[in-house]
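Let's take a walk through this model together. Have a look around first, and then we'll go through a few spots one by one.

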Amino acid sequence: MNISPTKLLLGLSLVLCSVYVSAFDLGFGGGDEPADGSSIFDIGDIISGVKDISRTVTGIDEEDEIEIGRDAASVLLGASKPVNDPELQRYVNRIGRWVVNQTDRSHLPWRFAVLNSTAVNAFATPGGNIFITDGLLRLLNNEAELAAVLAHEVAHVVQKHHINAMSSINTSGFSGLVKLASMTREGRSNKMASQMVGEVKDMYLRGLDKDDEFEADSMGTIIASRAGYDPFALMAVLQTLDSVDPDNSELDLLYKTHPPMSDRLDKLEPVLDQFEEPVSESPVLENRFNRYVRKRS
Amino acid sequence: MKLRLYSAIIILAISSSAIAADKLGVISRDANLYDKPFRDSTVIAELPTATAITILKRQGGWYQIKATEKQGWVRLTRVRLNRKNNNQPESDNETESGVGALLTGLTTGRGKSSQDTTATAVKGLGEEELRNAEPDEDALNSLDSFAVDSSESGDSGLQTRSVDYLPTENKKVTAPSAKPINEEEEEE
């Protein structure tokens with residue numbers, strides 16, 4: 001991709017405008033306004049919008065975001081390959097697509113994959129590549145829990161958490177990252193490419209800011225519940241993970257890159273208080289999940 | 001004991017319902033034990049922090065539990081599940097260690113799908129693997145064949161809800177009257 005300075009400038013200013021607008025749209029992803037219209041000017045949303053503008057004001061072209069995300073995804077796929085089970089992969093993509101349709105970034109080229117790793121983890125890269133390890137998938141009990149894990153990762157993409165984190169790794173910030181991304185693609189200079197790979201690895205070894213993780217838990221819960229799933233599924237997953245011996249090596253990277261499970265559970269509690277009983281009717285779709293996931297055991 | 005643990009692993013490997021069997025946990029913060037899974041149902045008991053409980057099942061935001069010889073419902077958010085190593089009671093309870101056992105089963109040999117798994121190493125996407133990873137663009141491109149675009153996603157059988165990202169106290173959300181698609185008969 002060639003980017004002339006003029007085009008870049010134009011792109012950046014367009015992005016700044018659209019970020020401003022979409023930040024205020026956050027509460028109503030997918031245009032599904034509350035039926036009573038009561039929360040159109042919710043003060044919480046406006047505060048969240050302002051916070052969002054300040055965080056993304058150094059903006060990045062969506063095309064670049066997608067390209068950087070592809071670079072990051074290819075590095076993760078260098079460490080672990082997709083499970084060779086087209087039916088399963090297709091199933092996970094159908095769930096993932098249904099989930100992202102509840103956000104205001106459903107237009108991204110979303111890709112979901114189960115990776116053949118015994119580690120317990122899930123990953124997102126900018127632009128919409130979402131990975132869940134086989135190790136984590138096998139700990140889940142139903143489709144609602146799978147959707148909740150995917151929704152947590154989707155929230156990272158919606159909020160551009162990784163782009164923010166990577167720009168703090170690059171000494172020149174956003175502009176350095178964008179420049180690196182475009183030069184890597186144009187020139188394919190080995191030096192630039194390996195710098196990009198290095199920054200990607202740093203990012204995923206270091207993990208995101210813990211507030212980004214709390215935000216993804218909260219937003220992920222809400223996105224999954226918008227999709228019609230049991231709102232308590234993500235908390236159930238965190239409780240399951242909390243019950244695993246933390247010394248288990250399969251969880252090393254997860255714990256190194258995420259806040260303690262007990263903190264995440266505490267932060268999620270007030271989010272769930274809004275869900276009035278009875279929510280037991282919310283489907284968890286255990287049978288459908290088992291048909292695709294358990295058949296392999 | 002050892003035999004029971006192994007049989008637990010085997011059961012977990014072939015049956016998802018085993019993992020949902022009785023689990024042990026603890027009350028994480030003072031909580032009411034309710035008669036039914038509703039906040040306006042009768043409070044049977046007040047359970048102080050650290051009360052040991054046995055979890056019978058989950059229903060939405062509630063666990064049905066047994067504690068101090070009583071049975072009832074507590075909010076999901078007031079419960080922590082026990083860890084395999086540090087909260088193990090003297091009695092040999094094989095289901096309590098279900099998750100740990102499942103993981104052990106995974107690491108020590110996952111059967112036919114991974115002949116190359118060694119005893120304790122994390123396979124794929126551990127810290128070491130990530131450090132040594134070479135970008136794999138072919139694997140990346142292979143993901144395209146499974147991708148689903150928005151026009152293909154209408155068959156989830158689920159009904160969407162309106163929920164804002166930042167909840168306020170006054171917003172309550174009730175469950176949708178969602179029905180699983182066609183032959184998907186769910187037990188809950």
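**Rings, a sheet and a covered helix**

Tyr292(A) has a relative accessibility of 14%, so Tyr292(A) counts as buried (buried means under 20% relative accessible area, exposed over 50%, partly exposed in between, with a 1.4 Å probe and protein chains only). Tyr91(A), at 1%, counts as buried too. Before going on: this is a predicted model, where local features need pLDDT of at least 70, side-chain atom pairs count only at pLDDT 80 or more, and totals for chains, interfaces and linings use all residues. Residues are numbered from 1 along each chain as its sequence is written, chains are lettered from A and ligands numbered from 1 in the order in which they are written, and side-chain values use heavy atoms, leaving out hydrogens and water.

Over all chains, the structure holds four aromatic pairs (rings of Phe, Tyr and Trp, the last by its six-membered ring, with centres within 6.5 Å; planes under 30 degrees apart count as stacked, over 60 as edge-to-face and the rest as tilted). The ring centres of Tyr91(A) and Tyr292(A) are 4.2 Å apart with planes at 10°, so this pair is stacked. It links distant parts of the chain, 201 residues apart: Tyr91(A) sits in helix α4 and Tyr292(A) in helix α14 of chain A (helices are DSSP runs of H or I with at least four residues, strands runs of E with at least two, numbered from the N terminus).

Now for the sheet: three strands of chain A form an open one, in the order β1-β3-β2, with mixed pairing (two strands pair if DSSP finds at least two bridges between them). β1 and β2 of chain A stand at the edges with a single partner strand each, so one side of each has no neighbour in the sheet. β1(A) and β3(A) run parallel, joined by five bridges.

Last stop, helix α7 of chain A: eight of its nine residues are buried, among them His161(A) and Met166(A).
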